[in-house]
Amino acid sequence: MHRIATVLFLFTGLFLKAQQTDTSYKKRVLDATSLDMLFSYYSQDGQNAAVSGGEGTEELTDATSTLVLTMPLNEDDILSVDVGLSAYTSASSSNVNPFDGGGVANPFDASSGASRQDVLAYFNPTYTHSSDDRNRIWSANAYVSSEYDYFSLGFGGSYAYLFNQKNTEISVSANVFLDSWNPQYPSELRGGFAGNIAGYNPSFTPFENENRNSYSASVALSQILGKRLQGSLSVDIVSQNGLLSTPFQRVYFGDIADFFVEEFQLADDVERLPESRFKVPIGGRLNYYLNDVVVIRSYYRFYFDDWGITSHTANIEVPIKLGTRFTLYPTYRYYTQTAADYFYAKEAALSSFDFYTSDFDLSAYDANQYGIGIQYKDVLTKTKLWLFGLKSVDLRFSQYDRSNGLSASIISLSTSFIVD
């Protein structure tokens, strides 16, 4: 971060020096500083918790607050700073240790212990530079986030080139994330527990590698196809290596005897997945301007990886203008995927297997998401709040349902201000 700040300082200094000898007019990339504030509340429930081996409550709530400050450094350069906090309470993760609460341990009930909640904090600055003719755009970004058992450090950059009278844009980007776990294993697999249960002696070994590295590269092409039609294509390549298993997700084997404490089944092992994964998402967008009232935005993505998952995503959004300031946003999204090669329902895997998981996120399922939103927009920012002019308010709600029983809803409120 210190190096990034130094580079920004030096670049700004060089630009100011050049500006002293160049008095020609140049339109600014960004005229004024803006502040975006986002709050979202997410809630889900289901009966296939990975923490308890694919069976148990998936109840979870998450509240997220985000601030994004975007400010012009000069005519060509922009600095954006994105910071956020996400606080969640999870009935399933509370059962990492189901015996630290006051009630009877049960996979379908939450424990009242400390593992039921956590807070994630992140910081994401981005620096963007545009060429004099505004046809070339460079950017660099950094990322850091932390929660109780996971730390992530990332950096990346992008380059975009516009040509054909700005009707065509080609962009490339790359990102690297260097993450580390502070593994939290199920309570019964920690030292001293097994000796208290007659016959219970799982062959559990902790993970030696506690790091996870992710590398991604993306190429995108955007094209204005006519007065009413615009399209884009993108290809991403993602490579991951290291600890890709989640240390606190239990697995139960079909060839091992069951052991219970109270109403909770003790783990035979934790999720074991390969230490490498290769992913390729290929996506396309098509936006059609129907008339002054309606725009149709469509999206499709095909995905595959070397764990055996293939998926299809289709999304459509139809903004409808309600006068000069309000817009209605109905949306629909369909998703389907095949199961990973290593997915097994509870007690379907055998102890002789090398890899196994009972995380239903890696199972075969279909999902439907329905949403509605409304946006208020004031281009002239007539409404003032101290030094801030209100530019827009956006309120959205979505309902998500999976074929395996998971159901979730999310409501979000975002506001955008111009700083005078």
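1. Tyr-122, Tyr-143 and Phe-177 form one aromatic cluster, where rings of Phe, Tyr and Trp (its six-membered ring) pair if their centres lie within 6.5 Å, and planes under 30 degrees apart count as stacked, over 60 as edge-to-face and the rest as tilted. The model is a predicted one, in which local features need pLDDT of at least 70 and side-chain atom pairs count only at pLDDT 80 or more, while totals for chains, interfaces and linings use all residues. Residues are numbered from 1 along each chain as its sequence is written, and side-chain values use heavy atoms, with hydrogens and water left out.

2. By the ring rule, the count comes to 19 aromatic pairs. One of them joins Tyr-185 and Phe-207, which are stacked because their ring centres are 6.3 Å apart and their planes stand at 25°. Both residues lie in the loop between strand S7 (168-181) and strand S8 (211-224), so the pair ties together parts that are 22 residues apart in sequence; strands here are DSSP runs of E with at least two residues, numbered from the N terminus. Tyr-185 is buried at 13% relative accessibility, and Phe-207 is likewise buried at 13% (buried means under 20% relative accessible area, exposed over 50%, partly exposed in between, with a 1.4 Å probe and protein chains only).

3. The pair of Tyr-344 and Phe-353 is tilted, since the ring centres are 5.2 Å apart and the planes are at 35°. Tyr-344 is partly exposed, with a relative accessible area of 22%, and Phe-353 is partly exposed at 29%.

4. Two charges also sit over rings (NZ of Lys or CZ of Arg within 6 Å of the ring centre and within 35 degrees of the ring normal). The charged end of Lys-346 is placed over Tyr-252, 5.2 Å from the ring centre, and that of Arg-402 over Tyr-365, at 4.2 Å.

5. The whole structure holds ten salt bridges, each being a side-chain nitrogen of Lys or Arg within 4 Å of a carboxyl oxygen of Asp or Glu. Among them, Arg-297 and Glu-317 meet at 3.0 Å, N to O. Arg-297 lies in strand S15 (residues 295-305) and Glu-317 in strand S16 (residues 310-317), so this bridge ties together parts that are 20 residues apart in sequence. Arg-297 is partly exposed at 34% relative accessibility, whereas Glu-317 is buried at 12%.

6. Arg-272 is buried at 13% relative accessibility, and Asp-269 is buried at 4%.

Terms used:
Helix = DSSP H or I, 4+ residues; strand = E, 2+ residues; numbered from the N terminus.
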